[in-house]
Amino acid sequence: MNQSQTAKSMTHGEAGLAIVFAASAFLCLFAAAKALDTAFAFHASLACAASLWAVFAIMNRYYDRPDSLPAREINGRPNYNMGPIKFSAVMAVFWGIAGFSVGLLIASQLAWPALNFDLPWTSFGRLRPLHTSAVVFAFGGNVLIATSFYVVQKTCRARLAGDLAPWFVVIGYNFFILIAGTGYLLGVTQSKEYAEPEWYADLWLTIVWVTYLLVFLMTIVKRKEPHIFVANWFYLAFIVTIAVLHLGNNPALPVSMFGSKSYIAWGGVQDAMFQWWYGHNAVGFFLTAGFLAIMYYFIPKRAERPVYSYRLSIIHFWAIIFLYIWAGPHHLHYTALPDWAQTLGMTFSIMLWMPSWGGMINGMMTLSGAWDKLRTDPVLRMLVVSVAFYGMATFEGPLMSIKVVNSLSHYTDWTIGHVHSGALGWVGFVSFGALYCLFPWLWDRKGLYSLKLVNWHFWIATIGIVLYISSMWVSGILQGLMWRAYTSLGFLEYSFIESVEAMHPFYIIRAAGGALFLIGALIMAFNLWMTVYAREEEVTAPVALQAAAE
């Protein structure tokens, strides 16, 4: 009697990706042999090794998996794909600690210049872009990818689209971070704020980002829920707009296909305009829209309350999408940019007050009827305080865009304080809160290892932020006043070196604040590690409210 058997075969995705990476390994090996500079040779060799690993990983996965791919549903329930999310969550913690550590080092270098060590790859000029990329794109980017893949599955009740595509996104994105970061240390840079990676890294990121968009979009298309939850609109806006910004700001012509150097298509004031259209909207859509999506899912989920006003969230979304994109020219006050463009940027920045605070109010008021939980749940407290920092930063930003204020604040440490009140208080805290929520959910634990450690993290990091931003506010205003002070004869009253000397105590305070923030992140890493690997009975369940004693 003949029995029909289903032969195991590779999917088109597995076979196609294996072939592509095999070809990539050969081409990268050829490029490394023909490289015109050491950095390009190193990156080509790294890409060759990564491509060979990818081929091995795909083949190994094929031989280890069952005959059929994982089902999209099991007994009518979605079969969620949590593997790529776990990877991104772990990488977010890793890159966060790395980025905060480099930030502490460069803050210390400004107070004690000997810490540059007279080495090219440890100089402030190379470590500073490494710090910004590590905390913004490596830490923040991995948090956004992890949370977006989690939220879109849960709110759509559908498995992530694609089989290998989600893994390609998370691993490919982290490989881009590796190429960009090592490039900075080797002196490879376009010298464009938040867009320093050279042409070949930009090309790779384009491929990864388009795949990310397709995975996210197709998951929404295959949703079982008729309604698209508001967080997904913010995630989608972040993904699409970052793609547009990346393509607009980074067209470049390489000097050679076997060298790292390239020249940007734009020049002069056009390049400046494109750069700050990109730079400000990287803040607007990467560091704001994406993390607002986190706020709209994780605060209601943690507080066990519905979003305060769904109507306000819709108004908030469309107002931010329309207004933010015009605000970039406020970075170019008193430059060669036409005055009308500067005024346009300032006007739209001031208008951003309304939708920004609409989002803050929506996040805060979601706790209506659940404010008591702030006493017992430090994770929720961290999420809510992040929204407060968001409100503060989005008040200060429009204020600093006003020309008369900008004439005092620009090029001073006030800008650094403003950026870090948003970065550490808003982005950092909402990311920490999301990670504290995600790890027990992803590894199926009943709770975090220790809520007491979360409490320690919250207070240590908060004190660090206060030290950091207050010292930068004072030093920035002092700088601005010293630079514009004149004697009765019309000469500058202070030399530049005198203003630098006056900053020294504030730089020490900033470094202390950064150290406290790093210590908080290390406490979080230990807590999350123990959450995954501790015995179940060691895990602390959320504390219930206790009745007051008689």
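Start by selecting C28: this cysteine is buried, with a relative accessible area of 15%. Keep in mind as you look around that the model is predicted.

How far is the sulfur of C28 from the closest cysteine sulfur, in C48? The separation is 6.3 Å, too far for a bond. A disulfide needs the two sulfur atoms within 2.5 Å, so C48 is in no disulfide, with C28 holding the nearest cysteine sulfur. If you go looking for disulfides elsewhere, the count for the model comes to 0.

Now move to helix α6, residues 199–221, and pick out D202. Which residues does D202 touch, leaving aside those up to four places away in sequence? Show Q190, P197, H246 and N250, and you have them.

For the last stop, colour the protein by pLDDT. The average is 93, and 96% of the residues score at least 70. Then select residues 543–550, where the pLDDT is below 50. Beyond near neighbours in sequence, how many contacts does this stretch have in the model? There are 5. Treat them with care: where pLDDT is low, the predicted coordinates should not be read in detail.

How values were computed. Residues numbered from 1 in each chain as written. Predicted model: local features only at pLDDT ≥ 70, side-chain atom pairs only at ≥ 80, totals over all residues. Heavy atoms only, no water. Helix = DSSP H or I, 4+ residues; strand = E, 2+ residues; numbered from the N terminus. Contact = heavy atoms within 4.5 Å. pLDDT = per-residue confidence, 0-100. Buried < 20%, exposed > 50% of the residue type's maximum accessible area, 1.4 Å probe, protein only.
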